[in-house]
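Please read the following account with the structure open beside it.

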Amino acid sequence: MGLAMIAAVLERRGYNVAVVDANALKLKPENIASYVSGADVVGLTAMTPTINTAITIAHHLKKADPDLTIILGGAHATLLPDETLNSAPEIDVIVRGEGEQTIIELLQALEDKQPLSKIPGISYRKDGVVVSNAVRATEVDLDSLPFLGYHLLPWQRYKPHPPHGRALPFAAIITSRGCPYHCSYCSKPIFGSKFRGQSPERVVEEIAYYKDKFGMKEIAFYDDVFTLNGKRAYSITEELIKKGLKIKWTCETRVNLVDKDLLTHMKQAGCYAIAYGI
């Protein structure tokens, strides 16, 4: 979803963008280079379990095209930018945290051959030394973001893990960012602690788009805490019912952030499963 959002943002700014979902296409790291032939810049993403694979991909991409600029984002690189760059000479730049504005400024600087020192939210090497610029302080206006670039993804291949997948085709979306809680099993390097949510109208508009454009029959909300703002969650379900959007969906939240009235309304709007963090 991160790459699909970045791709949509870049496409809206006029860039020629393609997304290669190597997992869905069952590609080996050494076979990916042919899919990005001719690209000036390649962006990768990784969480900790997949960082070694991302570095291996970068190695093969650089071997095929030494002049290629490789950018890495995601949770692992955001948490450990110095360690990641020191262990992976193939990675040129790391985008830390929310990348929508950062990637625009970064690509502009690369195009104009300008120094990277004034771009907040990135880490890179200068004279062989890792430099981490200041944290990007601005928070993205979620309602202003484009819909995820599902038209760039092989979504027909997506087979969700249980309990998802009661109805296919299936799409995953994130409609809010940030969580104030501090669960021991979770890290929040990307979106931080401040909760921000799209308006209910914007959320339902996006769901309607996926349903009409791609025939999606199920949505998984991958918000960290979908019901943190109970009034907002209730309004989303109300809007789904009012619009007559008959779609199955699931979400994630905490056990202390639901009540019987909200759960009843969610079920009426199509929700059939909730993953609770315990």
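In which helix does leucine 263 lie? Leucine 263 belongs to helix H8, which covers residues 260-268; helices here are DSSP runs (H or I) of at least four residues and strands are DSSP runs (E) of at least two, numbered from the N terminus. The model is a predicted one, in which local features need pLDDT of at least 70 and side-chain atom pairs count only at pLDDT 80 or more, while totals for chains, interfaces and linings use all residues. Residues are numbered from 1 along each chain as its sequence is written, and side-chain values use heavy atoms, with hydrogens and water left out.

Leucine 263 counts as partly exposed because its relative accessibility is 31%, given that buried means under 20% relative accessible area, exposed over 50%, and partly exposed in between (1.4 Å probe, protein chains only). Together with Val255, Tyr276 and Ile278, Leu263 makes a nonpolar surface patch of about 390 Å². Such patches consist of residues with over 30% relative accessible area and no salt bridge, with nonpolar side chains (Val, Leu, Ile, Met, Phe, Trp, Tyr) joined within 5 Å and like charges within 9 Å; the areas come from the Shrake-Rupley method with a 1.4 Å probe, and for residues only the protein chains shown count as cover.

Leaving aside residues up to four places away in sequence, phenylalanine 221 touches, among others, Ile173, Val203, Ile207, Phe226 and Trp249, where contact means heavy atoms within 4.5 Å.

The charged side chains form seven salt bridges in the structure, each being a side-chain nitrogen of Lys or Arg within 4 Å of a carboxyl oxygen of Asp or Glu. In one of them, aspartate 92 meets lysine 62 at 2.9 Å, N to O. This pair links distant parts of the chain, 30 residues apart, with aspartate 92 in the loop between helix H4 (81-87) and strand E3 (93-95) and lysine 62 in helix H2 (residues 51-64). Aspartate 92 is partly exposed at 23% relative accessible area, whereas lysine 62 is buried at 17%.

Arginine 136 and glutamate 105 also meet in a salt bridge, at 2.9 Å, N to O. Arginine 136 lies in the loop between strand E5 (129-132) and strand E6 (170-173) and glutamate 105 in helix H5, so the pair ties together parts 31 residues apart in sequence. Of these two, arginine 136 is buried, with a relative accessible area of 16%, and glutamate 105 is partly exposed, with 26%.

Salt bridges that share partners join Glu98, Glu100, Arg177 and Arg196 into one network.
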